[in-house]
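Here is a friendly note on the charged pairs in this model. Have the structure open as you read, and take the points in order.

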Amino acid sequence: MNGIFRAIAGRITGVVFGLVIAGSAIAENRNIVIQRDLGGDVGLYEIKVEVFRKLGYKVIIDGTCASACTLFTTLPPGQVCATNRAALKFHRFVLAKRARNTAYIESRENRMLMAKYPPGIRNWIRRNGGLTRQTLTMRPTEINRHIRRCT
């Protein structure tokens, strides 16, 4: 996480934690099923991943998991699995707002994002051209080489 985000992450974590616990379906069976998650703010997904990790929630990827959603692949092996309907979609980090030093910031964030992925996924991304504007789609056969198949 970048410095500014880290400074407010503690406060936000409490709010996110409360929202996660409030979801009765989640609180009852401790499973999160992803069927069509197109991603969003990387910082918020980092918080979600950390909260799910600490609470021991299991993430089941059962459809499209794109962009920041792919950070769920960083959960421990026992906390994430993928079905035969899963698709992981990767692309380069993009700033929502254009600012001075945009290219530098995006380049730095891409390196940080790549460092988070498990080695096998990181290598697959590199072999397939790296994180660019083009979306890379990892299909179930390849996904299950890196993330266990849900049973």
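This is a predicted model: local features need pLDDT of at least 70, side-chain atom pairs count only at pLDDT 80 or more; totals for chains, interfaces and linings use all residues.

1. Let's begin with Arg-53, which counts as partly exposed because its relative accessibility is 29%.

2. Residues are numbered from 1 along each chain as its sequence is written, and side-chain values use heavy atoms, leaving out hydrogens and water.

3. Arg-53 and Glu-50 form a salt bridge, with 3.3 Å between the closest N and O atoms. (A salt bridge is a side-chain nitrogen of Lys or Arg within 4 Å of a carboxyl oxygen of Asp or Glu.) Both residues sit in helix H3, three residues apart, or about one turn of the helix. (Helices, H or I with at least four residues, and strands, E with at least two, are DSSP runs numbered from the N terminus.) Together with Lys-54, Glu-50 and Arg-53 make up a network of salt bridges.

4. Now look at Glu-46 and Lys-116, whose side chains meet in a salt bridge of 3.0 Å, N to O. This pair links distant parts of the chain, 70 residues apart: Glu-46 is in helix H3 (residues 42-55) and Lys-116 in helix H4 (residues 102-116). Glu-46 is buried at 14% relative accessibility, whereas Lys-116 is partly exposed at 33%.

5. How many salt bridges does a search of the whole structure find? The search gives six.

How values were computed
Buried means under 20% relative accessible area, exposed over 50%, partly exposed in between (1.4 Å probe, protein chains only).
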